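This report covers fold, core and a few local features. The sequence and structure come first.

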Amino acid sequence: MIYIRKGEEPREFQEFRNQADSEYGNMPGKVKKALLAALCTEQHGLCAYCTCRIPEKAAEKRLQEPMTIEHFYPQHPGNGKRQAAMDLKYKNMHAVCSGNRGCGNEKALTCDASKKDKVIQLNPCNETIISQLYYQYDGTIRAKDQKLDNELKFALNLNCRERSLPQNRKAVLTEIQRSCLGILLSSRNAQSTGFLTQKSYAFLRYGHRMAKEKSGR
Ligand SMILES: [Zn+2]
């Protein structure tokens with residue numbers, strides 16, 4: 001998950017919302033399309049929860065909706081009081097991936113497909129909450145706070161191995177590590193020609209040692 005800074009709502013959506021009797025359920029398709037495009041753009045084309053690329057490639061037949069609109073505060077909360085005003089509140093909406101809907105395996109559902117109508121605290125728009133999240137070397141995403149950690153694990157299922165989420169993160173981490181090691185090693189060569197300060201050389205040695213330990217070599 002990454003922090004989402006909400007932008008301006010699209011004009012089409014604003015005009016629809018200002019109409020009498022407007023509800024999420026009777027939103028015209030073209031307004032929904034503009035809304036989804038604006039949400040996707042402000043999220044840099046990433047799912048608000050698992051950060052996979054959206055819209056997903058519709059290669060599989062089951063992928064009828066390569067991205068959808070998620071209400072962070074649910075439209076029909078399972079354990080909370082319904083707030084109709086949140087249905088058309090732009091700040092309550094995110095673009096999300098399919099969450100593996102239609103895969104036939106409940107354990108492989110992620111994101112809003114797993115969250116369903118639960119009310120959770122893990123809001124991607126809350127910078128304080130997002131700053132508490134961290135990644136382990138095996139690619140799992142964690143939070144120090146137990147409640148948030150449980151929401152990652154159970155409500156959103158963001159460590160879903162059936163969907164290879166930790167495996168994919170680990171692959172990215174390994175790639176970054178390799179790139180960093182390459183930069184560090186080329187910097188070490190620069191050090192021999194006198195371009196590095198003593199401090200940066202200490203950092204270089206520390207980074208090199210860390211990379212070796214992490215890669216088990
Ligand atoms: Zn997702």
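Two residues count as in contact if their C-beta atoms, placed from the backbone, lie within 7 Å. By that rule, and leaving aside neighbours within four places in sequence, Tyr49 is in contact with Met1, Val96, Cys111, Leu156 and Leu158.

The model is predicted: local features need pLDDT of at least 70, side-chain atom pairs count only at pLDDT 80 or more, and totals for chains, interfaces and linings use all residues. Residues are numbered from 1 along each chain as its sequence is written.

**Fold**

The protein chain has 7 helices and 4 strands. Both are DSSP runs, numbered from the N terminus: helices are H or I with at least four residues, strands are E with at least two. Their order along the sequence is α-α-β-β-α-α-β-β-α-α-α. Take the contacts in the protein chain with a separation of 6 or more: 61% of them join residues 24 or more positions apart.

**Core**

A residue is buried if 20 or more other C-beta atoms lie within 10 Å of its own, exposed if 12 or fewer, and partly exposed in between. Of the 217 residues of the protein chain, 24% are buried. A nonpolar core is a set of buried Ala, Val, Leu, Ile, Met, Phe, Trp, Tyr and Cys residues joined through C-beta atoms within 7 Å. In soluble globular proteins, nonpolar side chains tend to be buried together.

The largest nonpolar core holds 31 residues; Cys47, Tyr49, Ala95, Val96, Cys111 and Leu158 touch the most other members.

The largest share, 5 residues, comes from α2.

**Helix α5**

Which residues of α5 are buried? They are Glu151, Leu152 and Ala155. These residues sit on the same side of α5 because they cover an arc of only 120 degrees around the axis, taken from the directions from the helix axis to the C-beta atoms. Their cover includes α3 and β4. Asn157 follows α5 and has a positive phi, near 55 degrees.

**Ile54**

Ile54 lies in the loop between α2 and β1 (68–71). Why does Ile54 count as buried? Because 22 other C-beta atoms are within 10 Å. Beyond four places in sequence, its contacts include Cys40, Gly45, Leu46, Cys47, Pro66 and Ala95. Met67 is also one of them. Ile54 and Met67 are 13 residues apart in sequence, yet 6.1 Å apart in space, C-alpha to C-alpha.
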